[in-house]
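Welcome to a short tour of this structure. Take a look at it below, and then let us walk through a few of its features together.

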Amino acid sequence: MEAEAFYARISAALGGASAPWSPRVDQVVRPVARTRAELLACCEEFALRLAKVGGVAERLPAGRAAARVVELLGDAPRVHVGLELLPACVRDAVARGPATGPEVDASRWRMACAQAEWGVTDAVQLVAETGSTLLLAGARRPRAASLLPRRHLVVAPLARMVASIDEALVHLREAPSQWLLATGPSRTSDIENDLTIGVHGPGVLHVLVVDEDEG
Amino acid sequence: MSGLEIHDAFLDRARQALGKEFLKQAVRRTTDRLRDGRTVAVAEAPEFEAWRDALSEARRRAIGRLDAVLRAWVERARAHGVQVHFAADAREACEIVVDIARSKGARLAAKGKSMLSEEIELNQALEAACVEALETDLGEWIIQLAGERPSHIILPVVHKPRGEIRELFERHGGEPLSDETRVLAGYARDRLRAEFLRADLGVTGCNMAIAETGSIALFSNEGNGRMVSTLPRTHVALMGVERIVETQADFAHLVRLLPRSATGQRVTTYVNVLSGPARPGELDGPEELHVVVVDAGRTAQLAERDYREALACVRCGACLNACPVYSAVGGHAYGTVYPGPIGAVIEPLYARDDARRAELADASSLCGACHEACPVRIPLHDMLVRLRQDNARRGRGGAMSSALQRIAARAMAVPFVYDAAGRIARRAARLAAGGGELGRWALGSTPGVRELLRRRALPNMPRRSFRELWDELERER
């Protein structure tokens, strides 16, 4: 069916055509600046919320983050987003070992993701209200890194913490090709209401919140 | 088809359902769990009612100027490179998807969970065009292997015991499995993973479109929706024309309320928002994103002021879980794609001439629990009453029953007649109850009453009416 005919059908059902609609500019909300104490409170709530849905979050001083990454990833094969998107302190640790980044071509990327044990990504926001990580897609942030590997590691600085979903969405006015709120590991209760973790998406979601202001 | 046969269709299925012990318990257990989850989620969010107000308003606002809002969404989506198609009905929607599949030479379409796809029977259309349609939501895959229909909007397979699921999987894979959930889900994961990577076409629904950004949103817990919208070269999303909000701020309310209302989760595991196909330089994501905007009875519903609000529905299933009728008989008894109170309202509207569906208005106790649970406050119980009125007006309950209802309506308007009729009815009912076989026979052979008694149990009648008791109280004072 033609677009105009389709719109006309709706207009007729409404009893006449509506005035053209466009979003009001004054609806734009500004991001809130937070004190360190507020960020820490958000981080605590974030970890609590994420734990409730089977995810893990830990806050680490920048000096200890790399060691923790090595400990978690071991020498398992991993894929990662552009290293420049991760906190500087963990880049070497992520790139060490059998690692594949977005520099390869599409078919090698997909194969690497399907075989990887870990996918390492950043998050543009961490949402305290729900324990959610907000991930974007882009040339340096391919989507499969958080989708195909068995485990997903998010590394993001404490400053990315926000209190609520509304606040997180404020940052998304210029729509990327995809944005994703990922909250905990993949789950299903389809079989007799019995919750099981790790169906199609990663079965582990681990978030390292890097606290750059703590030695 | 006469009114009586119509009722028998629902009644027979309901009786069959009540005879299946596992089904009865499973449906009850599921609806209890989901309802309890919602109750907890509501209790821990003091802002819950304010969110409901906000989402209710946002949905009605968008639907109230749907032509303009849809146009704005289409402009923005096209600017992102989305190919938007419009389908007047189910047949057209299927043709569009089949054409896309053909033009891509697709052999395998991997599907995310979509009730709209069930509604338009897309799988059958794809199979007819020699394209394999594979459901990848765990519950939907089980349903597909069993050749059945979903029995719940969000938990399609609540009616199936794990033993049967294991047998289905064993027949599918030809290897023995155990009954453990982990093993069964693991089998599905391993088997479907290869299919995700092999599929040419990914098909999903669309929980909501956002006009401001020209996006579509998919809510899921398993991650299969992400797979089918990321890995195949072409992604086709089916969108009911009414599934749209104006702004991202409106959408934030849906993010909070849809999961809480559906399962009690604060948020689903994945809220996946897509604005166009992969952009230049991106390593993955679909090369093409098609959105098929489907009417299939929705604008007709929009024109019906009495039922327009039902278009605000966000398909959370909370009304199913709250409904005493659904909780007792489950989804299959309804014989429709959408079961429960929302199904009883929208099914006859989507298919205006289908009298069989119209009769589902009777599959309700009119207790209003559905309205209480609805995140967008759709007055489903009022609509069910109106549907019953429509049915009576069209004589769908049978001629005698309609005549009886007309007489009752007259009598109720005149206090003297109402009192007298009430006295007679009470005496008759008590006689019937006390009079054993003879009394039951007498009532059961009264035209009009007979039809009523096939579907309703006779209430225990008090000796005196409320009005008589009240008069007595007044005298004593």
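## The nonpolar core

A nonpolar core is a set of buried Ala, Val, Leu, Ile, Met, Phe, Trp, Tyr and Cys residues joined through C-beta atoms within 7 Å. Bear in mind that this is a predicted model. Its largest nonpolar core has 199 residues, and those that touch the most other members are Ala93(B), Ala109(B), Val292(B), Val294(B) and Val345(B). Helix H4 of chain B, residues 66–79, gives this core its largest share, with 8 residues.

What does Ala109(B) touch, leaving aside residues up to four places away in sequence? Its contacts include Ala101(B), Leu126(B) and Val131(B), as well as Ala199(B), Leu201(B) and Val203(B). Glu132(B), a charged residue by the classes used here, is also among the residues that Ala109(B) touches.

## An enclosed helix

Now turn to helix H12 of chain B, which covers residues 248–262. Because 14 of its 15 residues are buried, H12(B) is largely enclosed by the rest of the structure. After H12(B) comes Gly264(B), which has a positive phi near 90°.

## Where the chains meet

Chain A brings 59 residues to the contact and chain B brings 71. On the chain B side, 33 residues are nonpolar, 19 are polar and 19 are charged.

Strands also pair between the chains: S9 of chain A (residues 178–182) runs antiparallel to S9 of chain B (residues 270–274), over 5 bridges. Within this pairing, Ala182(A) has Tyr270(B) as its bridge partner.

How values were computed:
Residues numbered from 1 in each chain as written. Chains lettered and ligands numbered in written order. Predicted model: local features only at pLDDT ≥ 70, side-chain atom pairs only at ≥ 80, totals over all residues. Contact = placed C-beta atoms within 7 Å. Pairing = 2+ DSSP bridges. Helix = DSSP H or I, 4+ residues; strand = E, 2+ residues; numbered from the N terminus. Expected span 1.5 Å × (residues − 1). Buried ≥ 20, exposed ≤ 12 C-beta atoms within 10 Å, placed from the backbone.
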